[in-house]
Amino acid sequence: MLLQEEREKIVEYGQEMLRRGLTAGTFGNLSIYNEKENLFAISPSGMDYFKTDASDVVVMTLDGEKADGDRKPSSEVDMHRIFYQKRPGIKSVVHTHPRYATTLACLGWSIPPLHYLVAYSGKEVPCIPYVPFGTYELAQAALDGMGDNYACILGNHGLLCVGGNISYTLDVSEQIEFCAQLYYNCKAAGQEPKLLNDEQISSVLEAFQTYRQK
């Protein structure tokens, strides 16, 4: 079985994604890139995460061709492979539909540096306009909109996070959802949050670099 370790982790972290309340049902998707093999493992389309096993996980080439597995890969396969093609150091992608980040997606709001945990993404969490799901156009828009950050909000859709390993990338998803809730709560209170200044957020980003590389 190609990429057995990565496929087992997709099963493990797919279930963890639901336990953390980051998506529901069969929605969302995640992948892990093996740089040595130049292949990535991605969750199958439309399967219950708690009924998925390693053999159901699909292995893909960076050109979008299936290398192993009988299932259909996630419909967002292009949004995964484009980051492995064009963002050096990215070895995992997690796409979720968490309540607060998705609320901001429907409002078209980016998340400014209102809390130091925004640094899980970067200096902000940008929100891109709506692009139809499952398209290469969405993949390109997400790559362009995210820039050098590690997360972006997909307009009228959900949250996309990337990282150097699956554990960190799922943490990004969880912490950015927390920041999305804080931002929504500030707005609901009728207040604009007090933001960290450039020096403060840059200091946090520097501290996060070591954690990202683990």
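1. Where is the place of cysteine 179? Cysteine 179 sits in helix 5, with helices (H or I, at least four residues) and strands (E, at least two) taken as DSSP runs and numbered from the N terminus. Cysteine 179 counts as buried because its relative accessibility is 0%; here buried means under 20% relative accessible area, exposed over 50%, and partly exposed in between, with a 1.4 Å probe and protein chains only. Setting aside residues up to four places away in sequence, cysteine 179 touches Ile111, Leu114, His115, Leu117 and Val118, a contact being heavy atoms within 4.5 Å. From cysteine 179 to glutamate 35 there are 144 residues in sequence and 31 Å in space, C-alpha to C-alpha.

2. A word on what we're looking at before going on. This is a predicted model, in which local features need pLDDT of at least 70 and side-chain atom pairs count only at pLDDT 80 or more, while totals for chains, interfaces and linings use all residues. Residues are numbered from 1 along each chain as its sequence is written, and side-chain values use heavy atoms, with hydrogens and water left out.

3. Now the overall layout. I find six helices and eight strands in the chain, and from the N terminus on the order reads α-β-β-β-β-α-β-α-β-α-β-β-α-α. The C-alpha atoms fill a box of roughly 50 × 30 × 30 Å along the principal axes. The radius of gyration is 17 Å, which agrees with the value near 17 Å for a compact globule of 214 residues; the radius is taken over C-alpha atoms, and the globule rule is 2.2 Å times the number of residues to the power 0.38. Of the 214 residues, 52% count as buried. Among contacts with a separation of 6 or more, 66% come from residues 24 or more positions apart.

4. Helix 1 deserves a look. Helix 1 covers residues 4-19, 16 residues in total, and spans 23 Å from its first C-alpha to its last, close to the expected 22 Å; the expected span is 1.5 Å times one less than the number of residues. Its buried residues are Glu6, Arg7, Ile10, Val11, Tyr13, Gly14, Gln15 and Met17. The cover over them includes strand 1 (29-34), strand 2 (39-42), strand 3 (58-61), strand 4 (66-68), strand 5 (92-96) and helix 5 (166-188). After helix 1 comes glycine 21, with a positive phi near 70°.

5. Two backbone angles to check by eye. Most residues other than glycine have a negative phi. Leucine 3, in the segment before helix 1, has a positive phi near 50°, and it counts as buried at 8% relative accessibility. Asparagine 38, in the loop between strand 1 and strand 2, also has a positive phi, near 55°; asparagine 38 is partly exposed, at 38% relative accessibility.

6. Neighbours within four places aside, asparagine 34 contacts Leu3, Glu6 and Leu39.

7. Leucine 117 lies in the loop between helix 3 (99-107) and strand 6 (127-128) and counts as buried at 11% relative accessibility. Beyond residues up to four places away in sequence, leucine 117 touches Gln175, Ile176, Phe178, Cys179 and Phe208.

8. Another loop residue, asparagine 149, sits between helix 4 (136-146) and strand 7 (151-154). Asparagine 149 is buried, with a relative accessible area of 13%. Its contacts, leaving out neighbours within four places in sequence, are Arg87, Ser121, Gly122, Lys123, Glu124, Pro126 and Val162.

9. Last, the largest pocket. About 300 Å³ of space lies in it. Of its 18 lining residues, the closest to the centre are Thr26, Phe27, Gly28, Asn29 and Ser75. A pocket here is an open set of points on a 1 Å grid over the protein atoms alone, where a 1.4 Å probe fits, with protein on both sides within 12 Å along at least five of seven lines; lining residues have an atom within 4 Å of a point. The volume is the space filled by probe spheres set on the points, which are joined across faces, edges and corners. The lining divides into six nonpolar, 11 polar and one charged, where Ala, Val, Leu, Ile, Met, Phe, Trp, Tyr, Cys and Pro are nonpolar, Asp, Glu, Lys and Arg charged, and the others, Gly among them, polar.
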